[in-house]
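I opened this model to jot down what its core, one of its helices and its surface look like. Notes follow in the order I looked things up.

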Amino acid sequence: MLLLLDTHAFLWWVEDTPSLSSGARRAIGRADNECLLSVGSCWEMAIKVSLRKLRLDAPIERFVPEQLAANGFRLLDVEFADVARVATLRFHHRDPFDRLLAAQALRRRLAIVSRDRVFGRYGVRRVW
């Protein structure tokens, strides 16, 4: 299964935080699942780092690539078609990063690993 990790799921996995549910932990850890991190999530982390709302163990330009490699995750680029898909989404909520992740998941038929139930309102399969 292809899994798109929400920003918090990625961070909680790499930091081994107990906040990550056991179901999410099992799904991410399964060898036959491929985990993806959106460039949109990287952008969200960069903004939070710059606002000092997020602290990482290393500068973001090192942290993300190192964690992707260490965990066997793949970076998912944001394509124009993803951005265009956002325009068709209903406003179940206004978080631009979550809306982008929903659009990417819908376009590519990905399940999303997230504690945020709003993804189900977009028709995205959520793993938690």
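**Core**

I started with the largest nonpolar core, which has 24 residues; Phe 10, Met 45 and Val 113 have the most contacts inside it. A nonpolar core here is a set of buried Ala, Val, Leu, Ile, Met, Phe, Trp, Tyr and Cys residues joined through side-chain atoms within 4.5 Å. Buried means under 20% relative accessible area, exposed over 50%, and partly exposed in between (1.4 Å probe, protein chains only). Strands E1 (2–5), E2 and E4 (111–113) and helices H1 (7–14), H2, H3 (39–50) and H4 (60–71) each supply at least two residues of this core. H1 gives the most, with four residues. Helices (H or I, at least four residues) and strands (E, at least two) are DSSP runs, numbered from the N terminus.

**Ground rules**

I noted that this is a predicted model, where local features need pLDDT of at least 70, side-chain atom pairs count only at pLDDT 80 or more, and totals for chains, interfaces and linings use all residues. Residues are numbered from 1 along each chain as its sequence is written, and side-chain values use heavy atoms, with hydrogens and water left out.

**Ser 38**

Next I checked Ser 38, in strand E2. Ser 38 counts as buried because its relative accessible area is 0%. Its side chain makes a polar contact with the side chain of Gln 104, at 2.7 Å. A polar atom of the Ser 38 side chain also lies 2.9 Å from the backbone nitrogen of Gly 40. A polar contact is a pair of N or O atoms within 3.5 Å; within protein, one must be able to donate a hydrogen and the other to accept it, and residues adjacent in sequence count only if both atoms are side-chain atoms.

**Helix H6**

Gln 104 took me to H6 (residues 96–108), where Gln 104 is among the buried residues. Others I found buried there include Phe 97, Asp 98 and Arg 99. What caps the N-terminal end of H6? I found Asp 95 there, with a side-chain oxygen 2.8 Å from the backbone nitrogen of Phe 97. Just after H6, Arg 109 takes a positive phi of about 55 degrees.

**Asp 32 and Val 83**

I found Asp 32 in the loop between helix H2 (22–29) and strand E2 (34–38). Its side chain is joined to that of Arg 30 by a polar contact of 2.6 Å. Last, I looked up Val 83, in helix H5 (residues 80–86). Val 83 counts as partly exposed because its relative accessibility is 44%.
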